[in-house]
Amino acid sequence: MKSFASVLAAAAGLLAAALAGAQMAPAPAAPATPLPVTPGFRLTTPPGAVVTRPLPPSQWTTAQISQSFEFADTDGNGVLTRAEAQQLTIMPRSFEDMDENKDGVVSRAEYENSFVH
């Protein structure tokens, strides 16, 4: 019986040593806050970063919406192709949802309407 007791004591000692030497998990990061949108600025997210949800469409100003469209409309023709729409700094809905008449481009009116609906 002494050998069982000594094995049990040794196991308890090893467990205590392992727990004492274990590192504590890092404290969780503080919640992220949304960054202000600057026209022409595109944020890329590093791996493992906390991503917050964008502001609801009603929170954007008319000027911010207009600047976003103008920035993305690189050829200045008043409509956004799918490639240009990827440059939008504010994108309230998917390209397909914004393209109301399904003509393959998003007009300024379609873009602005996507903030209302």
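Good morning. F69 is buried, and so is Y111; buried means under 20% relative accessible area, against over 50% for exposed and in between for partly exposed, with a 1.4 Å probe and protein chains only. The model is predicted, so local features need pLDDT of at least 70 and side-chain atom pairs pLDDT 80 or more, whereas totals for chains, interfaces and linings use all residues. Residues are numbered from 1 along each chain as its sequence is written, and side-chain values use heavy atoms, leaving out hydrogens and water.

Let me turn to the rings. The whole structure holds 2 aromatic pairs. Rings of Phe, Tyr and Trp (its six-membered ring) pair if their centres lie within 6.5 Å; planes under 30 degrees apart are stacked, over 60 edge-to-face, and the rest tilted. F69 and Y111 form a tilted pair, 5.7 Å centre to centre with 40° between the planes. This pair joins helix α2 to helix α5, across 42 residues; helices are DSSP runs of H or I, at least four residues, numbered from the N terminus. Y111 and F115 have ring centres 5.2 Å apart and planes at 90°, so this pair is edge-to-face.

Next, helix α2. Its buried residues are I65, S68, F69 and A72.

Finally, S68 has a relative accessible area of 0%. Beyond four places in sequence, S68 is in contact (heavy atoms within 4.5 Å) with L88, T89, I90 and Y111.

Conventions. Helices (H or I, at least four residues) and strands (E, at least two) are DSSP runs, numbered from the N terminus.
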